Amino acid sequence: MRANAAAIAIALVTSLVATASGVTDSVDRGKAMLLQARSLAGKGQVDAAEELIVSAGELMPLSPEPLMLRGNLEAFLRRQPELALDLYRSSLDLQPTYEAAFFLGKAYGMLEQWEDAADAFRSAAEMAPRNPAPLSELGAVAVRLGDWQSAKEALEAAASLLPHSPQALLALAQAASQLGTASEAIEACRTLNELHPWHAQYMLFFAQVTIPSLPVPYGAQSCPCRASPARSVLAHCGAE
């Protein structure tokens, strides 16, 4: 009896090890297929990429990545974001990931469903609090909704994580100017000008239009190639 029990236990362990090995092999094959699918998608071979992703999903049914990648194909390569929504949501139902939440927000944005986009980017920001991308997107969506306070808060957080980003500083200055907080807008413009002096002129002139107290930036007159179009904008806005 003891010998039979031992034999059964050994057989069970052997079976479990074989099953685990088989699962590992399937996952490894699935990951390799996803890598190849990414390469094909980058070359514009969307249908071939989708076939590989679907096959990979069958090999690794508990992974959210295949569904998320299929969503990317629909949203960004086939330009059918409405078809991507269900794929992203299914990926999130399987396992919440930053990537699926972020791309869900992008798909909602492509459809101009701004409230839903804000919710998705907010979820992405919660899952990746050190990543400035969802905060920047959340700020941009808040601008679309006219919620300048929320935009300013999100963009401040993005700028703190990415202090050398002209895009984050530009958006922050815009939000601050809309809220009438001139000092914060001016500070963002000055930081932008110090970090990126050859890219800051348009932002500074924009801030001058929206914030009358902002002086003409030092050095603008020494950059005629940039100052001339800026003066045209100012003249059009009645600022000169």
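Tyr88 is buried, with a relative accessible area of 0%; buried means under 20% relative accessible area, exposed over 50%, and partly exposed in between, for a 1.4 Å probe and protein chains only. The structure is a predicted model, in which local features need pLDDT of at least 70 and side-chain atom pairs count only at pLDDT 80 or more, while totals for chains, interfaces and linings use all residues. Residues are numbered from 1 along each chain as its sequence is written, and side-chain values use heavy atoms, with hydrogens and water left out.

Across the whole structure, a search finds five aromatic pairs. Rings of Phe, Tyr and Trp (its six-membered ring) pair if their centres lie within 6.5 Å, with planes under 30 degrees apart counted as stacked, over 60 as edge-to-face and the rest as tilted. The ring centres of Tyr88 and Phe103 are 6.4 Å apart and the ring planes lie at 25°, so this pair is stacked. The pair links distant parts of the chain, since Tyr88 belongs to helix H4 (residues 81-94) and Phe103 to helix H5 (residues 98-110), 15 residues apart. Helices (H or I, at least four residues) and strands (E, at least two) are DSSP runs, numbered from the N terminus. Phe103 has a relative accessibility of 23% and counts as partly exposed. One aromatic cluster is formed by Phe76, Tyr88, Tyr98, Phe102, Phe103 and Phe121.

Asn72 lies in helix H3 and is buried, at a relative accessible area of 15%. Apart from neighbours within four places in sequence, Asn72 is in contact with Leu77, Tyr88 and Phe103, where contact means heavy atoms within 4.5 Å.

Lys152, in helix H8 (residues 148-161), is also buried, with a relative accessible area of 9%. Leaving aside neighbours within four places in sequence, Lys152 is in contact with Leu172, Ala175, Ala176, Leu179, Thr181 and Glu184.

# Exposed Asp93

Asp93 lies in helix H4 and, at 67% relative accessibility, counts as exposed. Asp93 and Pro64 are 29 residues apart in sequence, and their C-alpha atoms are 8.4 Å apart in space.

# Helices H2 and H3

Two packed helices are described by the angle between their axes and the distance between the axes. Axes are lines fitted to C-alpha atoms, for helices over the stretch in contact, and angles run from 0 to 180 degrees between N-to-C directions. Helix H2 (residues 46-59) and helix H3 (residues 65-77) have axes that come within 9 Å and cross at roughly 160°. H2 and H3 are therefore roughly antiparallel to each other; angles under 35 degrees count as roughly parallel, over 145 as roughly antiparallel, 65 to 115 as roughly perpendicular and the rest as oblique.

The crossing of H2 and H3 is left-handed, a term for a near helix turned anticlockwise from the far one by less than a right angle, with clockwise being right-handed. From H2, Val46, Ala49, Glu50, Ile53, Val54, Ala56 and Gly57 meet Pro66, Leu69, Arg70, Leu73, Glu74 and Leu77 of H3. By class, this contact of H2 with H3 has nine nonpolar, one polar and three charged residues. Ala, Val, Leu, Ile, Met, Phe, Trp, Tyr, Cys and Pro count as nonpolar, Asp, Glu, Lys and Arg as charged, and the others, Gly among them, as polar.

# Helices H6 and H7

The axes of helix H6 (residues 114-127) and helix H7 (residues 132-145) come within 9 Å, crossing at roughly 160°. That makes H6 roughly antiparallel to H7. The crossing of H6 with H7 is left-handed. By class, the contact of H6 with H7 has eleven nonpolar, no polar and four charged residues.
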